[in-house]
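Subject: A structure for you to look at

Dear colleague,

I am passing on the structure below, together with some notes on what turned up when I went through it. Please keep the model open while you read, and look for each part as it is named.

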Amino acid sequence: MEEKIIIMKEVTKVFENGEDYLKALNHVSFEICRDEFVVIMGTSGSGKTTLLNLLGGLETPTEGAVVVNGVALVDLSEEERTVFRREEIGFVFQKFNLLPSVTGLENLLLPLKLLKMEVRREEVEALTEQMGIREKLYQMPDRLSGGQQQRVAIARALLHRPPVVLADEPTGSLDRKTGTAVLEQMREMCRSREQTLLVVTHDERIAGMADRVICLEDGEVTKNERKGKRVYAAGLENPETGL
């Protein structure tokens, strides 16, 4: 049986603004297996970023359960969620989020410093060589192309080997060719390091690269499909056919 690394069960998220309420997610349920590459799609305002924030412990659900790598996030204090994010989650953002005042290498090593983990030179060299940025590490971010900056950001998210990597529109600031190449590298790196990858995107081409596609509309799951297999509520196959 495949190991479930992410479980969302009947998750609802409501934002309050004075007397106004916005239901960003409405009873969302699904499961994701370890090492899967999952694409989350939907129109603007469909709840994609809220979903990613819940999985990363940046938000807490109004109702329901979010379990990541065996940890029920709703049971954690704010301080515990901060530690959880540092140790268990790698984040990749559309705008790269590199510190402009330090080199690519210093940006890359930042999570290790926060976690007080040993810097293993051979690990850094192998990862940056695979990402094609080893020769660029001593340059400042503004001296790097967009694709190179995103590769540094991806390497930063992967280096401390978090079990889950969350990427929010990681190719949105890149041209079509570069974006596809960067995502292909990211997918292969996560697969080789046995990391589960979730990508929020509008790009249908990226969806075609994924093991599973989850579509959201108005805060609800409208599609949850694995390659060659439609997945039903809460990640279960069709109970009638077993497919």
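Strand β3 (residues 37–41) and strand β8 pair in the parallel sense over 4 bridges, where two strands count as paired if DSSP finds at least two bridges between them. Helices (H or I, at least four residues) and strands (E, at least two) are DSSP runs, numbered from the N terminus.

Before going further, please note that this is a predicted model, in which local features need pLDDT of at least 70 and side-chain atom pairs count only at pLDDT 80 or more, while totals for chains, interfaces and linings use all residues. Residues are numbered from 1 along each chain as its sequence is written, and side-chain values use heavy atoms, with hydrogens and water left out.

To return to the pairing, the bridge partner of V39 in β8 is V199. Strand β7 (residues 164–168) also pairs with β8 in the parallel sense, over 5 bridges, and there D168 has V200 as its bridge partner. Together β7, helix α6 (residues 176–192) and β8 make a right-handed β-α-β unit, right-handed meaning that, with the strands pointing away from the viewer, the path from the first strand over the helix to the second runs clockwise.

How many residues of β8 are buried? In this strand (residues 196–200) the count is 5 of 5, where buried means under 20% relative accessible area, exposed means over 50%, and partly exposed lies in between (1.4 Å probe, protein chains only). In a regular strand the side chains alternate between the two faces of the sheet. In β8 both faces are covered, with T196, L198 and V200 on one side and L197 and V199 on the other.

The loop between β7 and α6 holds T171, which counts as buried at 10% relative accessibility. Leaving aside residues up to four places away in sequence, T171 touches G179, L183 and I206, contact being heavy atoms within 4.5 Å. T171 and F93 are 78 residues apart in sequence, and their C-alpha atoms are 8.8 Å apart in space.

Helix α3 (residues 104–115) has as its buried residues G104, L105, N107, L108, L109, P111 and L112, and these pack against α4 (121–131) and α5 (146–158). After α3 comes K116, whose phi is positive, near 55°.

On a 1 Å grid over the protein atoms alone, a cavity is a set of points where a 1.4 Å probe fits but cannot get out, and a pocket is an open set with protein on both sides within 12 Å along at least five of seven lines, with lining residues having an atom within 4 Å of a point. Grid points are joined across faces, edges and corners, and a volume is the space filled by probe spheres set on the points.

The largest pocket has a volume of about 420 Å³, and of its 17 lining residues I89, F91, P111, L114 and R156 lie nearest its centre. The largest cavity has a volume of about 40 Å³, and its lining consists of D35, E36, F37, R187, C190, R191, Q195 and L197. The largest share of that lining, 3 residues, comes from α6.

With best wishes
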